[in-house]
Amino acid sequence: MIKVLYEKYKSVILYLFFGGCTTLVNIVTYNSLYYLCHVTNIVSNIIAWILSVLFAFITNKIWVFESKKFDLKILSHEIPTFFGARLVTGLMDLAIMFVSVDVLHLNAMLWKIISNILVIVLNYVASKFIIFKKDD
């Protein structure tokens, strides 16, 4: 029963797992830079985004959506669409963090978590139906 459910929802389960890991990379990087190193909010957020997107591309490609081909035709679609989609959600994250932290002076970590939840959902939809979609 559990194995059947796992196989049915494998990509969602793996995406949530690696999405959680990606979020952890993002939050730990942001937290370390912003609170420990006193790097500005926006710079901390940009660096955290870059590292988490690199981590996400590798894990999504190989394990979540099982896109095991690395030929030029495949990569010429996956790389720009993946990074393009992440750029859009990254800018959304940046706007949320700017408004919530710099303008409204709300709790940075709370809003970082809220923003990451929105980003994870939007990134899954883009990855499943656009970036790593399987040709049937």
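A search of the whole structure, which is a predicted model, finds three salt bridges, a salt bridge being a side-chain nitrogen of Lys or Arg within 4 Å of a carboxyl oxygen of Asp or Glu. Local features need pLDDT of at least 70 and side-chain atom pairs count only at pLDDT 80 or more, whereas totals for chains, interfaces and linings use all residues. Residues are numbered from 1 along each chain as its sequence is written, and side-chain values use heavy atoms, with hydrogens and water left out.

In one of these pairs, E66 forms a salt bridge with K10, and the closest N and O atoms are 2.8 Å apart. Because E66 lies in the loop between α3 (41–64) and α4 (72–103) while K10 belongs to helix α2, the pair ties together parts that are 56 residues apart in sequence; helices (H or I, at least four residues) are DSSP runs numbered from the N terminus. E66 counts as partly exposed at 36% relative accessibility, and K10 is likewise partly exposed, with a relative accessible area of 24%, where buried means under 20% relative accessible area, exposed over 50%, and partly exposed in between (1.4 Å probe, protein chains only).

A salt bridge also joins E78 to K61, with the closest N and O atoms 2.6 Å apart. This pair links distant parts of the chain, E78 being in helix α4 and K61 in helix α3, 17 residues apart. Both E78 and K61 are buried.

K112 forms a salt bridge with D93, in which the closest N and O atoms are 2.8 Å apart. Here, too, distant parts of the chain are linked, since K112 sits in helix α5 (residues 108–131) and D93 in helix α4, 19 residues apart. K112 is buried, with a relative accessible area of 0%, and D93 counts as buried at 3% relative accessibility.

Helices α1 (2–8) and α2 (10–36) each supply at least two residues of the nonpolar patch, and α2 gives the most, with three residues.
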